[in-house]
Each structure stands twice: as structure tokens, then as C-alpha cells.
Amino acid sequence: MTPAPTPPTPRTSHTSRTSPTSHTSPTPPTQPIEPIQPTTPTQPAPHPHTVTPLRVLHAEWFKLRSLRSSRITAATAVALVVGVALLMGGTYESGGGDSDIDPVVMVLQGTLLSQICLAVLGILVTAGEYATGSIRSTLTAVPARLPVLWAKAAVFTATAFTASLTAALVSYPAAQFLLADTDKAGPLWDDGVPAALVGSSAGVTLVALVALGLGALLRSVPGALGAFIGGVVVVPEILGALPYEVTEQAVRYFPTQAAYALGSSTPLPGAASPGAALAALLLWAGGTLALAGVLLRRRDV
């Protein structure tokens, strides 16, 4: 028998595995290295809470107007001037013992009382912070210290002068309404009257500014008040009673006497001239504040 033919062996198809061809990427051209330029230091932006004179001034104004005692004291000073003016206008009679007194001086007799009120307010502005201990926070926020004193003085001066001038401008026309048929009748625009009203307000303000300086010097409300009453109010009266011409001349330039000379529409006998009186008051107030500033820088809180 013929053997069966062997089937042909199928030819296996082999896929050729070729290794991936490695392609070298082209090298980028070398960039030139620029030299590092030195940087100029920039100024830091101002801090939003930097201490500035305007901010210190605003802080002192906020403290002054936020205290109830400040508002009551200032209102009392104005009310006393107006009340005494109405009393003087309603009780005056022509030909009496007061016929030779200056009309502005007569109407503004209440400034002697308002002067005490504003002096107390000035002492509270400075010495009051030492009494409560809040001065530590104030001087921590303003390490330079002196701007605090100048801001207090500026804010208080503006407040005291505004209150005094308001009281004078209200008192004089109100009193003149009651004095219409007397020998003291005179309009607000009469010769010398506007200057006397402004001068009286300036005098009261500068005397109160001396009290503020005493408060900064002594750092005690009772001590500063005693020094003001004794040194500014009582001592000139004692010296004026002495039978010596030199003391009589010197007393004219004490704060209360100088302020009295500024509030008259006619020259007062035995008083300093308005220019000399104003200069003396400026020296008293400026000297007291300058000494307080020196001690504020040198002493601990």
C-alpha cells in the first residue's frame, strides 16, 4: 500500500521585532546669560496706623468731646457768663454807683466764674489722665510724648476760646436788651466793643491754658487746682494789697489781672495796656507749657 502523503507543515509567519530606533533631538542654541542687575531698594509703603500730628490731634479731640464732664464744664462756663450778664442788665439803674464802669466789663462779670470752670477743665485734660492711668496708653501710642502735650493744648485752646467767645457774643446783646433805657446802652458794633469781647475771650482762654500747663507739671488734679487758685488767683490779690509801688506794677501782668485788662472797651485806670497784657499772658501760658514739655521728656510716666 502506498503510504498516505504527509500533510505539508504550515509555514509560521514570524513578525519581525525591530528595536525602536533612537533619534537624538537637536540641541537648542545656547542663549546668552544676561548679567544680574542690582536692584534698587524700594521705599516701604506707609503703614496705615503711622503716628502723625494730625492723628494725635484727632485722638485728643475725640477724648475731650467724648467725656461727659468736659461737655458739662464747658456748658456751665457759658451758662454762668450769660446768667450773670442778664442779672447785671436787669438790676442796673442809671446814675448808681456803677455808672463809671465800662459796659463790657460790667456785662461780662461772669467771666470771673467761667474762668474757674475752664481752668478745671484744662487741669482735667492733662492731670486727669494721670489720675486714671490712661496716660500710659497715650504715651505708649505716641512715644515722642511732646506731640501729645501740644495736641492737648491746641484742642483745649480751640474749645475754650470758642466757648468763651460764644458766651460773650450771646451775653452782650442779651444784656443790652435790658439796658436799652440806661446810660450803658450801646450796640454790639459800638467802638471798642468787638475788640473787648474778643480780648476777654482770649484772656480767659490763656489763663485756662496756664491751668492746663500746671496739670501737666504737677500730674495731680487737686495739686494743680490748688496751685492755680493759690498762685494765679490769691497771690496777686495779696501782692496788690502791699503798699509798694513795685508790687503794684508787677501785679498788673499776672494772668488774671492781664486778662481783665483785655476785656474793656475803654482803657482801664491802673491796668496794663491791651498789648502788654496780651504779651504777658502769652509768656505765662507759653512758659508753663514749655516747662511741662521739658519735664514730660525727662520724667517717667
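1. Leucine 225 lies in helix H8, which spans residues 221-240. This placement comes from a predicted model. Leucine 225 is partly exposed, with a relative accessible area of 31%. That value falls in this class because buried means under 20% and exposed means over 50%.

2. Now to valine 193. This residue sits in helix H7, residues 193-218. Is valine 193 buried or exposed? Valine 193 is buried, because its relative accessible area is 3% and the cut-off for buried is under 20%.

3. Which residues does valine 193 touch, leaving aside those up to four places away in sequence? The contacts are Val104, Tyr172, Pro187, Leu188 and Ser265.

4. The C-alpha atoms of glycine 263 and valine 193 are separated by 8.9 Å. Along the chain, the two residues are 70 residues apart.

5. On confidence, the protein chain has a mean pLDDT of 84. Of its residues, 82% reach 70 or more. Among the elements of the chain, H7 has the highest mean pLDDT, at 95. The lowest mean, 88, belongs to helix H9, residues 245-251.

6. One stretch should be read with this in mind. Over residues 12-25 the pLDDT is below 50. Beyond near neighbours in sequence, this stretch has zero contacts in the model.

Key. Residues numbered from 1 in each chain as written. Predicted model: local features only at pLDDT ≥ 70, side-chain atom pairs only at ≥ 80, totals over all residues. Heavy atoms only, no water. Helix = DSSP H or I, 4+ residues; strand = E, 2+ residues; numbered from the N terminus. Buried < 20%, exposed > 50% of the residue type's maximum accessible area, 1.4 Å probe, protein only. Contact = heavy atoms within 4.5 Å. pLDDT = per-residue confidence, 0-100.
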